[in-house]
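Me: Got a model open here and want to talk it through. Can you walk me around it?

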Amino acid sequence: MLASWYDQQGPAADVLHVGELPDPDPGPGEVRVRVSVSGVNPGDTKKRRGWLGSSMPYPRVIPHSDAAGVIDKVGDGVDARRVGQRVWVYGAQSYRAFGTAAQYTVVPDQQAVPLPDHLGDELGASLGIPGITAHRAVFADGPVDGRIVLVHGVLGGVGSLAAQLARWGGATVIGTVRRSGDLDSVDAAVVSHAVALDAHDPAAEIRAYAPDGVDRVIEVSLSANADLDNEVTALDAVIAAYGTHADHTELPFWPMLFNNVTVRLLGSDDFPAAAKRQAARDLTAAAAVGALTVDIGDAYPLQDIAKAHDRVDAGGRGRVLVTVTG
């Protein structure tokens, strides 16, 4: 099969190879997926770079955890009728050496989720890490129907999906963007009120929409927003954080304590398996009824995977994909 891999960590152009590797075979309880589109996440490029001093977990790594494609082979114990089924894939390179940047990937049966025929592969390849992270951030502490949910970074990959899931779940969504110039890009059908963090007093603007405080905060940078979150949270609120800019993040401890705020930290690789399965079901259901869309940024052929990684490392808006042909 045609695949991309790295045998050592470093810059994308230096360590990512593209060539032929043996076709994988599914083991018991596994399926093989013929990949059409592979999704690139910041976590994939961080692993490749050795972020936070992480080392190579395996001698050779095929990157990427997310994809869409078609099951073409099943292992023992898997219903043979799954062959030919369109699926989206999550967790392919979570505690596994070989991910989705290849013509074939092998994953446990439940990690290949049926993809409704009317949904595109690009959307399917965008639901894995960002979608499951967003779902856990929104729903880990119970339903949000009738609640007010504040989503920071509402134009980002996780943030946009979190806002859509919260709205799908019956919440009123307040979203933040970095700059006032980004406000026009916010989807008013999903986000009831949008606030720019460069405003004179963003906390006052949020409180104007939520005078009793917000019930949930979906947090992309806990270190940057902890004081703001403290100003706008309601009693017994939850701050669900999946990112921060400072490794040692300071919190306004006593005000948060007196407000009985819960801080939930989210590491997507280690979510409970049951939570991932529920997220997969809900993401598919929401997408099927048109409640989820994804802003697709750039798509690169597999031969240009290094450019895709560089694009993710550079930041910017939109999901980055790698198309796999052959």
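**Helix α10 and onwards**

Reply: Starting with helix α10 (residues 305-314): I305, A306, A308, H309, R311 and V312 are buried there. Buried means under 20% relative accessible area, exposed is over 50%, and partly exposed lies in between (1.4 Å probe, protein chains only). Helices (H or I, at least four residues) and strands (E, at least two) are DSSP runs, numbered from the N terminus. This is a predicted model, where local features need pLDDT of at least 70, side-chain atom pairs count only at pLDDT 80 or more, and totals for chains, interfaces and linings use all residues. Residues are numbered from 1 along each chain as its sequence is written, and side-chain values use heavy atoms, with hydrogens and water left out.

Me: What follows α10?

Reply: G315 does, and its phi is positive, near 80 degrees.

Me: Zooming out, how many helices and strands does the chain have?

Reply: Ten helices and 15 strands. The chain is as compact as a globular protein of its length, because its radius of gyration is 20 Å, close to the 20 Å that the globule rule gives for 326 residues. That radius is taken over C-alpha atoms, and the rule is 2.2 Å times the number of residues to the power 0.38. The C-alpha atoms fill a box of roughly 60 × 40 × 35 Å along the principal axes, and buried residues make up 50% of the chain.

Me: OK, sheets. What's the strand order in the open sheet of six strands?

Reply: β10-β9-β8-β11-β12-β13, with parallel pairing. Two strands pair if DSSP finds at least two bridges between them.

Me: Which strands stand at the edges?

Reply: β10 (193-196) and β13 (262-265) do; each has a single partner strand, so one side of each is left without a neighbour in the sheet. On average, neighbouring strands of this sheet are turned by 20 degrees against each other, direction ignored.

Me: How many bridges join β8 to β9?

Reply: Four, between β8 (residues 148-151) and β9 (residues 172-177), which run parallel. I148 has T172 as its bridge partner in β9.

Me: And which strands does α7 lie across?

Reply: Helix α7 (residues 222-232) lies across β8, β11 (214-219), β12 (233-241) and β13, and runs at about 165 degrees to β12. Axes are lines fitted to C-alpha atoms, for helices over the stretch in contact (heavy atoms within 4.5 Å). Angles run from 0 to 180 degrees between N-to-C directions.

Me: Switching to V87. Buried or exposed?

Reply: Buried, because its relative accessibility is 0%. V87 is found in strand β5 (residues 86-89). Leaving out residues up to four places away in sequence, V87 touches V33, A67, A68, G69, I71, R82, A112, V113, P114 and L115. The C-alpha atoms of V87 and G69 are separated by 5.6 Å, with the two residues 18 apart along the chain.

Me: Now rings. How many aromatic pairs are there?

Reply: Three, from a search of the whole structure. In one of them, F253 and W254 are edge-to-face, at 4.9 Å centre to centre and 80 degrees between the planes. Rings of Phe, Tyr and Trp (its six-membered ring) pair if their centres lie within 6.5 Å; planes under 30 degrees apart count as stacked, over 60 as edge-to-face and the rest as tilted. Ring pairs link F253, W254 and F258 into a cluster.

Me: What about the accessibility of F253 and W254?

Reply: F253 is partly exposed at 48%, and W254 is exposed at 52%.
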